[in-house]
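Here is a briefing on one protein model.

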Amino acid sequence: MYRKTAEELLGFIEKSPTSFQCIASIKETLRTHGFEERQENQRWKLCPGGNYFVTRNSSALIAFSIPEKGANKFHILAAHSDSPSFVIKENPEMEVDKTYIRLNVEPYGGMLMAPWFDRPLSVAGRLIVRGDEGLSEVLVKVDRDLLLIPNLAIHMNREANQGVAYKPQIDMLPLFGGKEAKGRFWEILAEEAKVSPDAIMGHDLYLYNRMKGCIWGANEEFLSAPRLDDLQCVFGGMKGFLGAEREKSLSVLCILDNEEVGSSTKQGAASTFLQDTLLRIRECLGLSYEAYLCMLADSFMLSADNAHGIHPNHADKADPVNRPYLNGGIVLKFSAAQKYCTEGMAGAILRDICARADVPVQVFRNRSDIPGGSTLGNISANRVAVRAADIGLAQLAMHSPYETCGVKDTEYLARAVREFFR
């Protein structure tokens with residue numbers, strides 16, 4: 001079972017090079033499970049026993065199930081669809097010495113830059129195209145080795161192994177082709193979208209790592225792939241959500257965008273997306289605003305975003321006693337600075353859920369002298385104030401274009417989420 005779920009995760013990641021393809025893949029899966037789409041710009045009709053989903057910006061999605069007999073609380077699983085990468089700028093082609101064409105890019109999110117060198121890359125995202133009926137979006141994924149960011153040879157940078165401060169505008173620009181490649185970038189994207197280059201009116205395009213995910217180790221206990229943070233939680237959360245009975249609470253799967261750049265977008269955790277959706281559900285079910293507030297007070301959220309596992313070469317970077325490991329199960333995250341939303345009761349609830357699901361639990365706390373990052377839970381609580389626990393799965397090399405996790409842990413998450421919604 002662990003291996004099967006891990007292989008399914010690799011398939012999901014391969015289909016999801018950007019947030020746009022991730023959400024498109026989730027929509028396809030939801031439809032096969034009987035979920036109906038609702039549009040934000042249309043009036044909704046919802047029925048008890050119904051399963052629905054809504055998207056925003058094509059990069060965030062909220063799915064929900066309404067029990068036949070009604071519900072007095074929300075159970076919410078939140079994760080994020082984005083990962084650090086490089087954004088393709090406007091007018092991207094840049095000529096060098098009338099010999100090379102490289103692309104102008106900008107970092108998205110706090111990334112490890114060094115692993116992006118010397119590996120095959122390509123481009124994916126969405127195009128905004130003009131047609132007979134106006135503007136529309138087309139998802140694109142150039143499915144071939146198209147680009148590479150070449151390293152500077154050691155002979156020209158003798159200090160390379162003593163540490164380098166990379167300059168994104170100089171060091172991180174990908175090579176696209178020789179001089180004959182001039183003008184080809186938009187032609188290639190247009191061919192992919194099956195439109196003319198002149199029809200392309202806008203774009204949201206990213207570099208993506210072409211290296212396929214793999215399962216490895218002496219006993220095939222590890223899994224490495226792009227975008228594990230946070231597609232591992234997205235996939236495990238979706239699998240648990242769809243496998244649950246979802247009949248005792250109003251169950252919500254919330255996949256948000258732009259966590260890696262602070263969440264302060266219309267499709268991020270700081271937006272009104274979750275709040276708007278819950279209020280529209282309340283309106284369609286004929287509940288008073290006070291009844292809605294009562295539901296929130298009895299609700300619970302799992303904020304699922306991967307966690308740092310103990311690094312085999314840098315074990316000293318972790319807390320002395322709270323030390324999560326790959327294949328060790330759900331990681332429950334705490335922070336005295338309230339970067340994570342878990343408090344004592346929320347942690348106890350999560351431990352109880354995992355005990356019933358026969359899933360092991362580990363704890364993550366930063367070393368007291370090393371500040372950590374934040375995630376979705378506390379940010380979304382500014383709009384939807386519910387009790388919540390921050391959880392994740394242990395991984396290595398977070399924010400690298402090729403990250404590592406444990407083969408067992410995706411199945412552990414799916415089982416815990418299934419129990420949570422049940």
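The model is predicted.

**Helix α4**
- Helix α4 spans residues 185–193.
- Its buried residues are Phe 185, Ile 188, Leu 189, Ala 190 and Ala 193.
- Lys 194 follows α4 and has a positive phi, near 60°.

**Helices α1 and α10**
- Helix α1 covers residues 2–14, and helix α10 covers residues 409–421.
- Their axes come within 8 Å and cross at roughly 95°.
- Angles from 65 to 115 degrees count as roughly perpendicular, so α1 and α10 are roughly perpendicular to each other.
- From α1, Tyr 2, Thr 5 and Leu 9 make the contact; from α10, Thr 410, Glu 411, Tyr 412 and Arg 415 do.
- By type, the residues of this contact are 3 nonpolar, 2 polar and 2 charged.

**Phe 74**
- Phe 74 lies in strand β4 (residues 74–80).
- Its relative accessible area is 1%, so Phe 74 is buried.
- Beyond its neighbours within four places in sequence, Phe 74 contacts Leu 250, Val 252, Leu 278, Tyr 292, Met 295, Leu 296, Ser 299 and Phe 300.
- Phe 74 and Met 301 are 227 residues apart along the chain, yet their C-alpha atoms are separated by 8.1 Å.

**The loop between β13 and α6**
- Ser 263 sits in this loop, between β13 (250–256) and α6 (273–284).
- Ser 263 counts as buried because its relative accessibility is 1%, and buried means under 20%.
- Leaving out residues up to four places away in sequence, Ser 263 touches Asn 258, Gly 268, Ala 269, Ala 270, Ser 271, Leu 376 and Ile 379.
- Asn 258 is also in the loop between β13 and α6.
- Asn 258 counts as buried, at 7% relative accessibility.
- Asn 258 is not a glycine, but its phi is positive, about 65°.

**Other backbone features**
- Asp 358 lies in the loop between α8 (344–356) and β17 (361–364).
- Asp 358 has a positive phi of about 55° and is not a glycine.
- At 60% relative accessibility, Asp 358 counts as exposed.
- The peptide bond from Asp 229 to Asp 230 is cis, with omega near 20°.
- Asp 230 belongs to helix α5 (residues 228–243).

Notes: Residues are numbered from 1 along each chain as its sequence is written. This is a predicted model: local features need pLDDT of at least 70, side-chain atom pairs count only at pLDDT 80 or more; totals for chains, interfaces and linings use all residues. Side-chain values use heavy atoms; hydrogens and water are left out. Buried means under 20% relative accessible area, exposed over 50%, partly exposed in between (1.4 Å probe, protein chains only). Helices (H or I, at least four residues) and strands (E, at least two) are DSSP runs, numbered from the N terminus. Contact means heavy atoms within 4.5 Å. Axes are lines fitted to C-alpha atoms, for helices over the stretch in contact, and angles run from 0 to 180 degrees between N-to-C directions. Angles under 35 degrees count as roughly parallel, over 145 as roughly antiparallel, 65 to 115 as roughly perpendicular and the rest as oblique. Ala, Val, Leu, Ile, Met, Phe, Trp, Tyr, Cys and Pro count as nonpolar, Asp, Glu, Lys and Arg as charged, and the others, Gly among them, as polar.
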